[in-house]
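Here is a short report on one protein chain. Please read it alongside the sequence and the structure.

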Amino acid sequence: MTETTGTWLTQEAYDRLQTEYDHLVTEGRSAIAAEIDERRQEGDLKENGGYHAAREEQAKQEARIEQLRHILQTATVGESSTAAEVSSGTVVTAEVGGNEMKFLVGSREVAGGTDIQVFSAQSPLGESLMGLAPGDETTYQAPNGNEIAVKVIAVEPFAG
C-alpha cells in the first residue's frame, strides 16, 4: 500500500472506529430493527411518519457501517510521522495562496474531536505537498482550475 492509497490512521483512531463499527453492527442494528417493528405496529405504513423516520435512520446507519468497513479494510495504521517532510499524519503550516494555514494531512477520522482542518493525501493540496520539507514551494490546481502557490513553513507530527 502506498502513501496515497487507503486511509492513514493512528492506532487510537483505528480502535475508535472499530469500536463504533462493532457497536453499529450489533446493538445498533438490533435497536433500529426493534424501532422499525414498533413503528410498523402503529398501523398504515403509508401515513406513518415514525416508521419512515426509522427506515431513514436505518439507511443512514447502514451507510455509516459501509463507510467504516471500507476505512478499516483499507487503513494503514501507524504512528504520526516524525520525518521533517510532509506525509500522512503530519501537521503542516503553509502559506497557501498568500494566506497562512495550519492543517493535518490525513483523515477526518484521525482528527477525531479536534478542530484542526484536514486535507487528505489524495486531495489536490495534500498530493502536491507530499514529500516536501519546510522552505519548499510548489503549486496545485484548485477545483476551479486556478494554480495556487504553496510554501511549506513547518511540518510536525500530529499529536491528536
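The report covers the model, the fold, the surface and one residue.

## Model

This is a predicted model, in which local features need pLDDT of at least 70, side-chain atom pairs count only at pLDDT 80 or more, and totals for chains, interfaces and linings use all residues. Residues are numbered from 1 along each chain as its sequence is written, and side-chain values use heavy atoms, without hydrogens and water.

## Fold and dimensions

The chain has four helices and seven strands. Their order from the N terminus is β-α-α-β-β-β-α-β-α-β-β. Both are DSSP runs numbered from the N terminus: helices are H or I with at least four residues, strands are E with at least two.

The radius of gyration is 21 Å, whereas a compact globule of 160 residues would have one near 15 Å. The value is taken over C-alpha atoms, and the globule rule is 2.2 Å times the number of residues to the power 0.38. The C-alpha trace spans about 65 × 35 × 25 Å along its principal axes.

## Burial

Of the 160 residues, 35% count as buried. Buried means under 20% relative accessible area, exposed over 50%, and partly exposed in between (1.4 Å probe, protein chains only).

## Glu95

Glu95 sits in strand 3, residues 90-96. Its relative accessible area is 40%, so Glu95 is partly exposed. Beyond its neighbours within four places in sequence, Glu95 contacts Glu100, Ala149, Val150, Lys151 and Ile153. Contact means heavy atoms within 4.5 Å.
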